[in-house]
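Please walk me through the side-chain contacts of this structure. Keep it brisk.

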Amino acid sequence: QAQLVESGGGLAQTGGSLRLSCAVSGPSFSAYVTGWFRQAPGKERDFVAAISETGGSTYYADFVKGRFTISRDNAKNTVYLQMNNLKPEDTAVYYCAADHAITAQAMSVMGPEYEYDYWGQGSQVTVSS
């Protein structure tokens with residue numbers, strides 16, 4: 001069993017930056033595809049980004065492409081989401097997820113409807129206008 005603990009959320013101004021971290025405890029972190037999702041008030045949960053087990057492949061939702069970067073450090077059992085040029089519409093609760101039986105590409109297609117092995121607790125990101 002693994003546990004995902006998120007950190008790094010908070011308040012930013014339009015055009016600012018934040019970096020989210022998702023630390024994974026438990027064995028075999030390097031065997032898990034990981035990704036990020038977000039859910040704004042009154043909206044459904046949306047896919048944001050995914051990264052393969054080795055970090056060799058990444059996938060992004062169109063609304064964050066060119067602004068957000070997903071990365072992972074398997075030695076530290078941590079996945080990151082660097083968010084630059086933030087916009088008010090980025091305001092949401094951000095969740096990391098991990099699964100051993102899906103590809104990063106499939107994660108980008110299936111979105112939050114797939115039954116992922118593990119979810120983080122969520123981290124609030126607020127962007128002021």
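**Backbone, core and contacts**

N85 has a relative accessible area of 43%, so N85 is partly exposed (buried means under 20%, exposed over 50%, partly exposed in between, with a 1.4 Å probe and protein chains only). This is a predicted model, in which local features need pLDDT of at least 70, side-chain atom pairs count only at pLDDT 80 or more, and totals for chains, interfaces and linings use all residues. Residues are numbered from 1 along each chain as its sequence is written, and side-chain values use heavy atoms, with hydrogens and water left out.

N85 is found in the loop between β8 and β9. Helices (H or I, at least four residues) and strands (E, at least two) are DSSP runs, numbered from the N terminus. The phi angle of N85 is near 50°, a positive value in a residue other than glycine. N77 also has a positive phi, near 55°, and is not a glycine. N77 lies in the loop between β7 and β8. Its relative accessibility is 24%, so N77 counts as partly exposed.

Now turn to the interior. In soluble globular proteins, nonpolar side chains tend to be buried together. A nonpolar core is a set of buried Ala, Val, Leu, Ile, Met, Phe, Trp, Tyr and Cys residues joined through side-chain atoms within 4.5 Å. The largest one here has 38 residues. W36, V48, F68, L81, M83, Y94 and M107 touch the most other members. Elements that give two or more residues to this core are β3 (18-25), β4, β5 (46-51), β7 (68-73), β8 (78-83), β9 (92-99), α1 and β11 (123-128).

Take Y94. Leaving out residues up to four places away in sequence, Y94 has contacts (heavy atoms within 4.5 Å) with residues including W36, V48, F68, L81 and M83. Y94 also touches E6 and R38.

Next come the rings. A pair of aromatic rings is described by the distance of the centres and the angle of the planes. Rings of Phe, Tyr and Trp (its six-membered ring) pair if their centres lie within 6.5 Å; planes under 30 degrees apart count as stacked, over 60 as edge-to-face and the rest as tilted. The whole structure holds seven aromatic pairs. In one of them, F37 and Y116 have ring centres 5.4 Å apart and planes at 50°, so the pair is tilted. F37 lies in strand β4 (residues 33-39) and Y116 in the loop between α1 (104-110) and β10 (118-119), so the pair ties together parts 79 residues apart in sequence. F37 is buried at 0% relative accessibility, and Y116 is buried at 7%. One aromatic cluster is formed by F37, F47, Y95, Y114, Y116 and W119.

Charges meet rings too. A charge sits over a ring if NZ of Lys or CZ of Arg is within 6 Å of the ring centre and within 35 degrees of the ring normal. R45 places its charged end over the ring of Y95, 3.8 Å from the centre.

Last, the salt bridges. A salt bridge is a side-chain nitrogen of Lys or Arg within 4 Å of a carboxyl oxygen of Asp or Glu. The count is three. D90 pairs with R38, with the closest N and O atoms 2.9 Å apart. D90 lies in the loop between β8 and β9 and R38 in strand β4, so this pair ties together parts 52 residues apart in sequence. R67 pairs with D90 at 2.8 Å. D90 and R38 are buried, and R67 is buried at 9% relative accessible area. D62 bridges to K65 at 3.5 Å. D62 is exposed at 66%, and K65 is exposed at 52%.
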